[in-house]
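Please read the following points with the sequence and the structure open beside you. They are meant as a colleague's note on a few local features.

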Amino acid sequence: MIMKILLFISLFIIFCEGVKSQNNETLNNRTTQLEALSEKNDSEPADDSYELDLDYFSRHPLNLNTADEEDLIQLHILEVLQVKNFISYRKLLGLLVSIYELQAIPGWDIGTIRQLLPYIKIGRDESLYSSLKERWKGGDEAVLMRAAQVIEKAKGFMKPNEPGNSYYEGSAQKIFLRYTYNYKQLLAFGFTGDKDAGEPFFRGAQQYGFDFYSFHFFLRHTGLIRALAIGDFTVNMGQGLIQWQTTAFTKSSLVLSIKREADCLRPYHSAGEFNFHRGIGITLQKGNWESTLFISSQKISTNLELDTAGREDLFSSFQNSGYHRTPAEIADRNNGNQFSAGANIRYSTTRFLLGFNCIQFHFSRPFQKRDEPYNLYSLKGKNLSDFSLDYNYTIRNLHLFGELAADHGFSLAFVQGALISMGENIDMSFLYRNISPSFQSLYSDAFTENSIPNNEKGFYAGLSFRPAPGIQTSMYYDVFVFPWLKYRVDGPSGGRDFLFQFTYQPDKSWRLSTLYKNEKKAANSELINEITHPLVAPLKRRWRIETDYMISKSLSFNSRMEFVWMSLSGTKSTQGFLGTAGFSFSKSGLSGNISVTVFDTQDYDTRIYIYESDLLYNFSLPAYYGRGLHYYLNLHKDFSRLIPHRSKRFKLSAWLKWSQTYYPGSVSIGTGLDEIPGNRKSEIKAQILIQWQ
């Protein structure tokens, strides 16, 4: 490990002294959020709506003279107070005449403006109105085709030697297909098909091809109709206590991103087979009043518990992985039905919003988790109802927001937050949450330490300080308690979390950042001689340093080192290290990334997540643990200019990615049916995107 550390320190020194690069601040922020989210949920996000939004705005920049609050929020760049300040500035002084005027808006620093520039424009005040007939032609159309496969043959793809052994019934390819039509974000529709590796395709249990099909139709700004969703859509209410299905971020170095912000209804067009509604929803607006209604009925995959006493069968959990590869997984596919309906009514002005939310679920079978002490307060039965009030209020440089929720058993949940601009260079954020152990909700995602809003009290404080141009420090401190038991925590517990990040960026061509995180959270002791499970509180520390540089306009360099230490009094501490270095290049319609990563972690608890460039609209956030080396080459080619007599509105692009991970000394990789013999795991991905208008 010492030699690896010295190697990456040398790389940092060499490139710090010799080269510079273009910094993509939007990508850096997105990377930070995705890594934090993957570490919290121990999985990669499936919702790619953020990438679709930014790609659309890169081709059709948002006119700041016509944009409303929801449009600005859809950029995923501005904080709440920045949006409020912009709306107030435009209302007071009229339409903008130049991009340079943005520097006069309170809270809009150079870094924020630099992130916005690829996605905005200053144009005349154009009406959003267009007839329904006009919207059916002239929009952006796209077909996306993606395929991926792990080259080595996993155990699940080998024919079992004994009858009754589990295996994968399909091929090793992962296939994704999507068609979309989008007219100025006023009319959008399309369909999606997805097949995971190991799932049958046009045979066996999948005679009709893909394991998952999705259709969406979405209409905006038509008379009283602000939004109309038919097919698959997501619902977002309040601060996520009772419903939030769009990607919502967790604690990270973006310390002001603590408020949930999204339209109540949004079209769903991702590959994830869970966490969306299928039916119809509508949002009506008249003046300051807005109301949303939706109804949904869809098949769900569950783990059934057959009852041998003559009573009704029940299910003990949702199958949210989307995998239907083995006979057992296929048997669980779409074995239940979920009906849901909900409403949102809100009144809003420039400074104030008050909303009422409600949602009802009904299942075709009773829900009953395993009989464990930590499941004492879990959801039971066929029905669930939730209600909430949410609000926000802005006064000068203070923005308050919150939500008070109750379920059908009147168990309560409460979130209260504040965003404060203390001056041009200092911003603060605070959030208090108090959620009963017996409070239950589905498809919810509030700003909490737990993955779902349940059984938690806590207080969060964040600070962003810019003492000089090009220097930014961010920090937060979060303390939390869990009044009741949790999975692998056999008693009331708690913890605290501290993060500090320093970023130095003297100009737009160079960035250096370092991060330190210190976290302590109670868990069961793993001492095998213990009869019971006393609680222990291991200390986890993380230190990271990363930088980006440009060697030329077409070649840039990035590198990162990260260290993790886990320590517990009376036991031997464990540690992990990761170092990565890579290049990005672009020339004559060909662009790409190449990167090498070395890692050495002593166990799964010291694993390290890192974002790596992937195909457009696709995520790759591997968790590295053990000892090994990983490298990848990701290429993108625009073939549009090679097509003779092509229309200026036609575009053909292709991506190809090769990656391999090498584990020296290992005889196998993975576990169960995903186990691969040998010490190498290789994957190839290919994608074609056809766009026309």
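1. Is W136 buried, partly exposed or exposed? In this predicted model, W136 has a relative accessible area of 49%, which makes the residue partly exposed, because the class of exposed residues begins only over 50%.

2. The ring of W136 is paired with the ring of F189, and since the centres are 5.6 Å apart and the planes stand at 35 degrees, the pair is tilted. W136 lies in the loop between α7 (132–135) and β3 (140–150), while F189 belongs to strand β5 (residues 187–195), so that the pair links parts of the chain 53 residues apart.

3. Another tilted pair is formed by F318 and F367, with 5.5 Å from centre to centre and 35 degrees between the planes. Here strand β12 (residues 314–318), which holds F318, is linked with strand β14 (residues 352–368), which holds F367, and the two residues are 49 apart in the chain.

4. The charged end of R178 is placed over the ring of Y617, at 5.5 Å from its centre, and R325 lies over the face of Y323, 4.2 Å from the ring centre.

5. Helix α3 (residues 49–59) is largely enclosed by the rest of the structure, because nine of its 11 residues are buried. Among these buried residues are Y50, L52, L54, Y56 and F57, but also the residues E51, D53 and D55.

Technical notes
Residues are numbered from 1 along each chain as its sequence is written. This is a predicted model: local features need pLDDT of at least 70, side-chain atom pairs count only at pLDDT 80 or more; totals for chains, interfaces and linings use all residues. Side-chain values use heavy atoms; hydrogens and water are left out. Buried means under 20% relative accessible area, exposed over 50%, partly exposed in between (1.4 Å probe, protein chains only). Helices (H or I, at least four residues) and strands (E, at least two) are DSSP runs, numbered from the N terminus. Rings of Phe, Tyr and Trp (its six-membered ring) pair if their centres lie within 6.5 Å; planes under 30 degrees apart count as stacked, over 60 as edge-to-face and the rest as tilted. A charge sits over a ring if NZ of Lys or CZ of Arg is within 6 Å of the ring centre and within 35 degrees of the ring normal.
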